[in-house]
Amino acid sequence: MDLLKTLVDKGLRREQPTREEALAVLATSDDDLLDVVAAAGRVRRQWFGRRVKLNYLVNLKSGLCPEDCSYCSQRLGSKADILKYTWLKPGQASEAAAAGLAGGAKRVCLVASGRGPTDRDVDRVSETIRAIKDQNEGVEVCACLGLLSDGQAERLREAGADAYNHNLNTSEATYGDITSTHTYADRVDTVQKAHAAGLSACSGLIAGMGETDEDLVDVVFSLRALDPDSVPVNFLIPFEGTPLATEWNLTPQRCLRILAMVRFVCPDVEVRIAGGREVHLRALQPLALHLANSIFLGDYLTSEGQAGKADLEMIADAGFEVEGADQVTLPEHRAAGGCGSHEAAGCGSHEGAASCASEEAGGCGSHEGGVCGSAPAAAQAAGDARTDLVAVRRRGAGTDLAPNA
Ligand code: SF4
């Protein structure tokens with residue numbers, strides 16, 4: 001297919017595809033699916049080989065959020081029966097992190113529900129970062145605390161944070177349909193603050209909220225312009241008790257097309273399969289490793305993932321290898337100078353990095369969740385409602401039970 005040859009050539013050169021090419025990936029047929037995976041897999045291997053980076057989530061503070069993100073089980077008014085607890089102490093968080101690191105993770109993602117941290121919250125997270133770094137040499141720490149105020153990114157950087165996550169989640173045009181308590185511009189601002197402070201920016205999306213193909217391409221192009229080092233791709237987990245509980249729009253095949261599109265648009269960026277991997281990719285998870293070079297090990301913030309041991313076996317069986325602490329995740333041109341450094345031109349060789357000023361990133365982190373008021377694209381096949389695959393997290397951080405790692 002000429003389209004795939006063009007996209008591979010561009011990906012190997014770090015050249016941005018056109019919007020039409022990105023849309024065409026999402027519109028490919030099931031007959032062409034393995035060709036799409038193979039093509040995007042060539043780009044993935046060029047920049048990341050067969051390495052899979054493992055990340056481990058520690059939910060520092062769960063539920064009780066005053067914001068109303070429709071996709072989120074922790075939102076204001078959520079009826080989801082999730083764990084609710086306030087800030088873990090540094091020792092508790094460090095203990096949770098250690099379990100993930102022992103399981104093979106090299107990055108710990110410290111996430112807290114809420115609109116954004118107070119300065120006191122930044123103090124307590126800084127203490128937690130120091131505790132984790134003291135006890136685990138070489139560990140990468142990413143913070144995900146919501147919208148940042150001036151100076152907070154710098155303070156987290158000084159405390160040892162390597163990265164900051166704040167997702168754009170969906171297109172600017174539909175952002176108001178999923179959240180009313182903050183704006184897309186707020187989110188963009190926080191990603192830019194993280195970048196400016198020298199933190200490695202992590203910003204991604206949630207697919208399956210009723211968005212169109214155009215919305216998906218919009219948000220991924222906006223992410224490319226923001227130049228994050230890592231792009232988590234969440235697939236909405238329609239939690240009972242949230243406004244998006246009935247939004248089962250994804251199929252495993254569509255998830256693969258979305259991941260392939262993200263890989264072609266952000267060829268040299270750490271593309272991470274985040275929440276919803278098990279629920280929506282199901283038996284096709286191993287194929288997704290040909291597209292993404294990063295996953296979360298074990299459980300998510302408020303839902304359970306498959307056993308950490310199953311993640312490791314899947315990686316080995318699919319012919320991939322877990323990235324070691326001594327291996328650099330990003331390609332040399334992006335990694336030079338450390339975890340948070342970038343080439344001046346940003347994500348690949350793209351034009352127009354400065355144009356991201358009108359865009360934003362979405363919410364606190366690697367959430368499971370998602371919705372919007374717009375109707376699904378006509379061409380988008382609805383997936384089966386697999387509520388049987390959604391399990392609320394009852395172990396690990398905030399409980400007396402051992403974590404899944
Ligand atoms: S995504 Fe973050 S800010 Fe939005 S409701 Fe959930 S915890 Fe709150």
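Predicted model: local features only at pLDDT ≥ 70, side-chain atom pairs only at ≥ 80, totals over all residues.
1. Leaving aside its neighbours within four places in sequence, Cys202 is in contact with Cys142, Ala163, Tyr164, Asn165, Pro228, Asp229, Ser230 and Pro232. The residue belongs to strand 5, which covers residues 200-202. Cys202 counts as buried because 30 C-beta neighbours lie inside 10 Å, and 20 or more are required for that label.

2. Cys142 may be considered next. This residue is placed in strand 3, residues 140-144. With residues up to four places away in sequence not counted, Cys142 touches Arg107, Cys109, Asp162, Ala163, Tyr164, Asn165 and Cys202. Cys142 has 27 C-beta neighbours inside 10 Å and therefore counts as buried.

3. An unreviewed UniProt entry places the feature "binding site" at Cys109, Cys142, Cys202 and Arg272. These positions span 164 residues in sequence, yet no two of their C-alpha atoms are more than 13.7 Å apart, so they gather at one spot.

4. Arg115 deserves a separate comment. It is found in the loop that runs between strand 2 (107-112) and helix 5 (119-135). With 15 other C-beta atoms within 10 Å, Arg115 is partly exposed, since a residue is buried at 20 or more and exposed at 12 or fewer. Neighbours within four places in sequence aside, the contacts of Arg115 are Pro66, Glu67, Gly146, Leu147 and His182. Arg115 and His182 are 67 residues apart along the chain, and their C-alpha atoms are separated by 8.4 Å.

5. In soluble globular proteins, nonpolar side chains tend to be buried together. Here the largest nonpolar core has 113 residues, and those with the most contacts inside it are Tyr56, Val58, Val108, Leu110, Tyr164, Val220 and Leu259. Helix 10 (residues 252-265) gives the most to this core, contributing nine residues. As for Val220, it touches Ala22, Leu205, Met261, Val262 and Val265, not counting residues up to four places away in sequence.

6. The last point concerns a pair of helices. The axes of helix 4 (residues 90-102) and helix 5 come within 9 Å and cross at roughly 45°. The two helices are therefore oblique to each other, and their crossing is right-handed. On the side of helix 4, the contact is made by Pro90, Gly91, Ala93, Ser94, Ala97 and Ala98. Helix 5 takes part through Glu127, Thr128, Ala131, Ile132 and Gln135.

Key. Residues numbered from 1 in each chain as written. UniProt positions renumbered as here; feature names shortened; annotations may be inferred. Helix = DSSP H or I, 4+ residues; strand = E, 2+ residues; numbered from the N terminus. Contact = placed C-beta atoms within 7 Å. Core = buried A, V, L, I, M, F, W, Y, C linked by C-beta atoms within 7 Å. Axes fitted to C-alpha atoms, helices over the stretch in contact; angles between N-to-C directions. Parallel < 35°, antiparallel > 145°, perpendicular 65-115°, else oblique. Left-handed = near helix turned anticlockwise from the far one by under 90°.
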